[in-house]
Amino acid sequence: MAVHEHPHRNSGFHLPNFRRDRTASGSESAVSARTGTRTAQAYVFASLRLLTGFVFLWAFLDKAFGLGYATQSGKGWIDGGSPTKGFLGGVAAGPMESTFHSWAGDTWADWLFMLGLLGIGVALIAGVALRFAAVAGTVMMTLMWVAEWPPAQHLSDGSPSMSTNPFADYHLIYAVVLIALAAASAGETLGLGSIWAKLPLVRRSRWLR
């Protein structure tokens with residue numbers, strides 16, 4: 001009598017693959033951690049954008065309407081005051097001292113300065129045109145840095161400049177913050193950046209993002 005060997009049948013029972021389960025769980029945890037980190041970073045940049053935008057927008061409002069902080073009541077731009085005369089006229093050091101004195105109080109300088117503050121402030125708070133705002137803000141901050149001229153230990157009249165650092169001051173920090181916000185596309189969180197980027201004009205001109 002011939003004996004036939006029957007192939008082993010699959011009983012359908014398997015021991016759990018704990019190693020594979022641990023690997024999958026670890027991968028999911030890593031992905032979740034990365035997602036959570038990116039979300040946290042997005043909100044940090046968004047908060048920084050809003051605060052920086054408020055700095056620029058408040059400077060515009062105070063200088064325009066004389067709200068009693070940096071600009072006294074009744075001496076605002078709408079009252080006939082000049083937002084650049086005091087600052088540029090008070091420059092007392094640096095290679096552009098005489099140039100800034102000649103610009104102080106000029107209509108074109110007042111308009112450029114105020115439009116810059118307003119445009120940068122609105123762009124940051126809305127989360128749109130961050131690249132343009134970064135360029136405009138960097139130019140403005142650089143000029144203001146040159147006006148204050150931190151490298152000088154003494155003013156042109158020989159008195160101490162009271163400079164606390166020969167290079168890094170808040171103007172440079174603001175410039176770096178503006179560049180970082182644009183590079184991080186910080187307008188997409190708590191802002192209109194995503195909607196702005198979809199506009200036909202913006203899609204054709206990426207520098208407007």
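Visitor: Which residues does T189 touch, not counting residues up to four places away in sequence?
Guide: This is a predicted model: local features need pLDDT of at least 70, side-chain atom pairs count only at pLDDT 80 or more, and totals for chains, interfaces and linings use all residues. Residues are numbered from 1 along each chain as its sequence is written, and side-chain values use heavy atoms, leaving out hydrogens and water. Contact means heavy atoms within 4.5 Å. Setting aside residues up to four places away in sequence, T189 touches A42, Y43, A46 and R49.

Visitor: Does T189 count as buried or exposed?
Guide: T189 lies in the loop between α6 and α7 (193-197). Buried means under 20% relative accessible area, exposed over 50%, partly exposed in between (1.4 Å probe, protein chains only). T189 has 18% relative accessibility, so T189 counts as buried.

Visitor: How many helices are in the protein chain?
Guide: Helices (H or I, at least four residues) and strands (E, at least two) are DSSP runs, numbered from the N terminus. The chain has 0 strands. The number of helices is 8.

Visitor: Which residues touch the most other members of the largest nonpolar core?
Guide: Such a core is a set of buried Ala, Val, Leu, Ile, Met, Phe, Trp, Tyr and Cys residues joined through side-chain atoms within 4.5 Å. The largest has 19 residues. Elements giving two or more residues to this core are α1 (18-65), α4 (107-126), α5 (130-148) and α6 (170-183). Touching the most other members are F56, L117, L124 and M140.

Visitor: What share of the 209 residues counts as buried?
Guide: The count covers the protein chain. The buried share is 28%.
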